[in-house]
Amino acid sequence: MPTTKAIKNRKIFSDKEAQEINADEYSSLEIYAKDMVFDFTEVNGNLLLRGEGCRFPNLVKVKGNLSVDAPGCSFPVLKTVEGNFTLHCPAVLDRLEKVKGNIKCIIDFAFPHLMTVGGSINLKNSAVYARGKKLKKGRIVIPVNHQYEIDILPEDGIFNIDIFGNDLVFPHREILGAVTIFGKHISFPNLEFIHGALVMENREKSAHEFTHYFPVLKKIMGNLRFENTKASFPQLQETTGKVHFENGSYINFPVLEKTGTIMINRNSAAAFPMLNEIHGNLQNHGSETCYLEMLEKITGNFNTDQVIAKNLVEAGTLIMHKYCEFDHLKRINQRLMFNGTVNFRSLEYINYLTSDRQKGSEFPSLKEVNHYLYDENEDYEGLANKIYFKVRDRVYITKDECIISGSSLEYNVPGYYIHSLQKLVSILKLRHSSFQHFVTREYEREWTNYSSSHFLKILNKIEKLWDRTEPIKPEAFFDSYDREFRLFCFRYVGVGTLMKKFGAVKINEAQIPVNYFQYDRNGNESSVKKINHYEVYAVENSKLGLYSWRRDKHSYAVKCRCASTGNEHWLWIEPQYKDNALTAVASTFRIHENIIPHIRCLKRQGDLLICELKKEVSPEGNIRPLTATEYFSLLEAET
């Protein structure tokens with residue numbers, strides 16, 4: 001049986017370290033020394049060769065993995081590798097007969113005496129020969145239909161088998177390979193260990209009326225898959241791979257304590273009365289509720305549908321579609337996914353508390369939050385290692401970073417492109433001439449303001465960074481592969497710059513005389529007539545990084561030319577206003593409909609509009625854009 005002892009790692013760089021090697025110690029030897037001779041006959045663990053020219057004249061067996069990563073190494077009498085074997089460089093291996101695990105070879109090579117490979121064969125575009133025959137990538141699988149074919153299988157269990165016959169008995173104590181069962185009533189009375197995958201599949205359309213027997217099987221180092229079959233594993237204590245149930249399978253694991261991912265699908269069911277740990281995910285879409293009274297730990301995603309695990313202590317991501325009680329739950333190592341509030345009285349740690357959907361939840365025993373989305377109505381900021389403040393739609397800041405996301409923060413913080421706070425400042429400076437300008441024109445109007453001391457420290461840091469940070473160069477974001485970052489920068493770079501950069505096309509223009517009022521030094525008013533000129537442009541959305549089959553393939557902007565200074569000002573407009581330049585510029589002014597009859601005049605400075613009323617009116621009803629006639633009849637001043 002393979003050992004489960006902890007392995008010690010030893011790195012060898014010199015003669016002194018080589019002399020300290022204990023060949024009987026279960027260890028992993030990583031040799032970096034060059035041109036050395038080692039006289040042991042057996043390595044009780046792994047042997048990894050990084051130094052060239054090393055020789056092992058008496059080595060017969062490696063009980064773990066062997067990896068030859070340096071040229072000029074020699075193993076003239078080596079016969080057996082009990083683990084995996086990797087060959088990256090030429091070596092002397094004239095007597096190698098057996099590799100019990102996988103073999104990987106990236107060079108052209110010939111093994112004169114290699115007879116057995118227990119695992120997979122992985123060849124990286126190389127020609128590899130064993131006893132004069134060319135090896136092929138994949139696994140060597142032995143089909144078994146009759147009992148006499150079992151009698152001639154290797155006694156050491158190094159093989160992969162597909163079992164097609166019925167009523168067969170296998171005498172092996174361990175099998176180091178994959179086992180696939182298509183037959184009926186297959187028995188393994190002595191089998192204790194499978195180092196490979198186990199698959200059971202009933203290919204008949206009728207319901208299974210048979211079972212398979214594994215009375216003493218204790219451990220499986222591989223995936224399990226069951227298709228329309230049933231079996232019992234009365235002594236199985238541990239599996240390391242995924243356990244997958246399909247098409248009406250039923251499997252009983254009365255003493256199983258540890259396993260990998262469990263997936264129960266399509267009218268299947270399973271019993272795990274002693275299961276304590278799942279190193280992976282748990283999902284039950286089968287025919288019965290799965291009762292896991294002893295389960296304490298799930299490292300991956302736990303979907304609570306049709307699962308009762310009241311003694312759960314630790315989970316990765318907890319996915320609930322309806323509320324569940326967990327009186328003993330102490331740790332959520334990833335996140336909670338649930339559309340509602342919860343009351344987890346025993347929870348002490350959660351990695352991500354970043355969802356708006358659980359606002360108002362109660363965690364009276366909580367001691368630590370790794371990632372926390374700030375809420376002024378909660379009191380968790382003192383427990384948080386990293387606090388995120390949502391300052392505007394899909395933009396979050398921390399004490400050191402800025403996250404510009406394409407979706408809500410709750411789904412996957414590590415998956416977002418994270419930028420430094422200084423880079424955020426470099427973007428803000430595209431629009432704002434000073435920190436105070438940013439505060440009055442954006443922070444106070446568009447950002448969410450928080451009273452938290454942590455947030456105020458971030459704001460102070462932005463102010464300190466302001467004077468020593470240069471505005472970001474356009475080429476740094478025009479060609480960026482980060483779509484959300486690029487679109488965020490576009491908000492600040494200016495519409496005109498974007499239109500010119502991406503070759504916008506003029507689609508219509510118009511001019512109109514407007515009577516403006518101006519004042520001399522004494523405050524005397526006089527009227528002057530000017531001709532205002534407006535142009536509408538279209539730019540392809542694909543050039544802006546905007547893709548949607550539902551929307552217009554173009555975006556539109558109106559260019560306004562100041563009659564006094566000749567300066568240009570650009571404004572985005574909606575597609576329905578693109579056909580008339582005067583209607584387009586008027587559409588950029590929107591106000592409550594009940595106020596329009598009471599407007600005395602309009603004054604405009606770029607995108608800043610001042611509306612003077614004849615009398616005070618409370619805004620009510622719909623908000624709509626002004627028509628071209630309304631807008632230009634009321635416009636008195638514009639710069």
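## Packing of α3 against α5

Helix α3 packs on α5 (residues 453–466) at an angle of about 65°, and their axes lie 10 Å apart. Axes here are lines fitted to C-alpha atoms over the stretch in contact, with angles from 0 to 180 degrees between N-to-C directions. The crossing of α3 past α5 is right-handed, meaning that the near helix is turned clockwise from the far one by less than a right angle. From α3, Leu421, Gln422, Val425 and Leu428 meet Ile458, Lys461, Ile462, Leu465 and Trp466 of α5; contact means heavy atoms within 4.5 Å. Seven of the residues in this contact are nonpolar, one is polar and one is charged.

The model is predicted: local features need pLDDT of at least 70, side-chain atom pairs count only at pLDDT 80 or more, and totals for chains, interfaces and linings use all residues. Residues are numbered from 1 along each chain as its sequence is written, and side-chain values use heavy atoms, with hydrogens and water left out.

Ser433 sits in the loop between α3 (421–428) and α4 (435–446). Helices (H or I, at least four residues) and strands (E, at least two) are DSSP runs, numbered from the N terminus. Ser433 is exposed, with a relative accessible area of 65%; exposed means over 50%, buried under 20% and partly exposed in between (1.4 Å probe, protein chains only).

## Helix α7

Helix α7 covers residues 483–493, and eight of its 11 residues are buried. Among them are Phe485, Leu487, Phe488, Phe490 and Arg486. At the start of α7, a side-chain oxygen of Asp482 comes to within 3.3 Å of the backbone nitrogen of Glu484. After α7 comes Gly494, with a positive phi near 105°.

Strands pair if DSSP finds at least two bridges between them; β24 and β27 (residues 230–232) are joined by two. Tyr213 stands opposite Ser232 in β27.

Another open sheet has three strands in the order β55-β54-β57, with mixed pairing. The edges are β55 (608–613) and β57 (635–638), each pairing on one side only. From one strand to the next, the twist averages 15°. Strand β54 (residues 599–605) pairs with β55 in the antiparallel sense over six bridges, and Arg604 stands opposite Leu609 in β55.

Key. Polar contact = N/O pair within 3.5 Å; in protein donor to acceptor, adjacent residues only side chain to side chain. Nonpolar A, V, L, I, M, F, W, Y, C, P; charged D, E, K, R; others polar.
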